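Hello,

Here is the structure I promised to pass on to you. Have a look at it first, and then read on for what turned up.

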Amino acid sequence: MADLFSTVQEKVAGKDVKIVFPEGLDERILEAVSKLAGNKVLNPIVIGNENEIQTKAKELNLTLDGVEIYDPHTYEGMEDLVQAFVERRKGKATEEQARKALLDENYFGTMLVYKGLAHGLVSGAAHSTADTVRPALQIIKTKEGVKKTSGVFIMARGEEQYVFADCAINIAPDSQDLAEIAIESANTAKMFDIEPRVAMLSFSTKGSAKSDETEKVADAVKIAKEKAPELTLDGEFQFDAAFVPSVAEKKAPDSEIKGDANVFVFPSLEAGNIGYKIAQRLGNFEAVGPILQGLNMPVNDLSRGCNAEDVYNLALITAVQAL
């Protein structure tokens, strides 16, 4: 895992990337931003009352040199943000509603990203996924050609690195969604120098079982291949056929995936969430994420059980996405 993050840190250092952290009073956030600024890796912006944040930092024996602090209640550019918010919401918010919304640290931080005053956002240490993702979907929105955002984990153990998707957002993706998730996950893999070999997972391999669920995955494979013919991608696969060469030889001898997949697309959120947690807890893989993909600008969601190292690492990943 150290290898992954040292590579990521090298990519980011000196690039003058600004990442905003809306949860300025959370001690894990303060510990991480102090280290990020101290190591001169990126330029952190934290949201909140400056006196309260500085007092909290002193209590924790942290220095915030190089960390910018923005308070929505006193921010000089608030009127610009209000107007931009009203415009972006296209009749769904009045000026009064915009002013109220922008006092919320997640909405305020997301607007900083949208206006180019920061390059990405990391939240979720003290907020739910919905609180982090909703402003991003309303303001930053998904990239052209992408209908839905999705959440991947980089699973790392020593030199092994895999991408698992979607483990965080879409409960019951259809064939179009799965194809989109596969292509976006391949793009995410490339960011981390993983040459993507994408397996679309099911409880069937190449028609060994027939049901609506297996047909959904088989259809997703066709759609993904049409949209991104250059990708090494196949399915539907049971996990062993995607991962174990000897099983692949028996179950899918004609596939371009020879038991050497490194990007795994699960057929449902249920399967993805269970799958990554089994790998994490039984396989001793480190799970980094969820990394949100498909947005115009990077916004990432921490687990509320995160530690300062998780915050530091997700900030690095957000910075890579911004580049």
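A salt bridge here is a side-chain nitrogen of Lys or Arg within 4 Å of a carboxyl oxygen of Asp or Glu. Please keep in mind that this is a predicted model. By that definition, the structure holds 15 salt bridges.

Let me start with helix α7, residues 129-140. Within α7, R134 and D131 sit three residues apart, about one turn of the helix, and their side chains form a salt bridge at 3.7 Å, N to O. R134 is partly exposed at 40% relative accessible area, and D131 is partly exposed at 30%.

Another salt bridge joins E184 to K143, at 3.1 Å from N to O. This pair links distant parts of the chain: E184 belongs to helix α8, while K143 is in the loop between α7 and β5, 41 residues apart. E184 is buried, at 9%, whereas K143 is partly exposed, at 30%.

The loop between α7 and β5 also holds T149. Is T149 buried or exposed? With a relative accessible area of 3%, T149 is buried. Its side chain reaches the backbone oxygen of Q293 at 2.8 Å, and the contacts of T149 beyond its sequence neighbours within four places include V133, L137 and I169.

Finally, α7 packs against helix α4 (residues 78-89) at about 80 degrees, with the axes 9 Å apart, so α4 is roughly perpendicular to α7. There, F85, R88 and R89 of α4 meet Q138, I139 and I140 of α7.

Best wishes

Methods. Residues are numbered from 1 along each chain as its sequence is written. This is a predicted model: local features need pLDDT of at least 70, side-chain atom pairs count only at pLDDT 80 or more; totals for chains, interfaces and linings use all residues. Side-chain values use heavy atoms; hydrogens and water are left out. Helices (H or I, at least four residues) and strands (E, at least two) are DSSP runs, numbered from the N terminus. Buried means under 20% relative accessible area, exposed over 50%, partly exposed in between (1.4 Å probe, protein chains only). A polar contact is a pair of N or O atoms within 3.5 Å; within protein, one must be able to donate a hydrogen and the other to accept it, and residues adjacent in sequence count only if both atoms are side-chain atoms. Contact means heavy atoms within 4.5 Å. Axes are lines fitted to C-alpha atoms, for helices over the stretch in contact, and angles run from 0 to 180 degrees between N-to-C directions. Angles under 35 degrees count as roughly parallel, over 145 as roughly antiparallel, 65 to 115 as roughly perpendicular and the rest as oblique.
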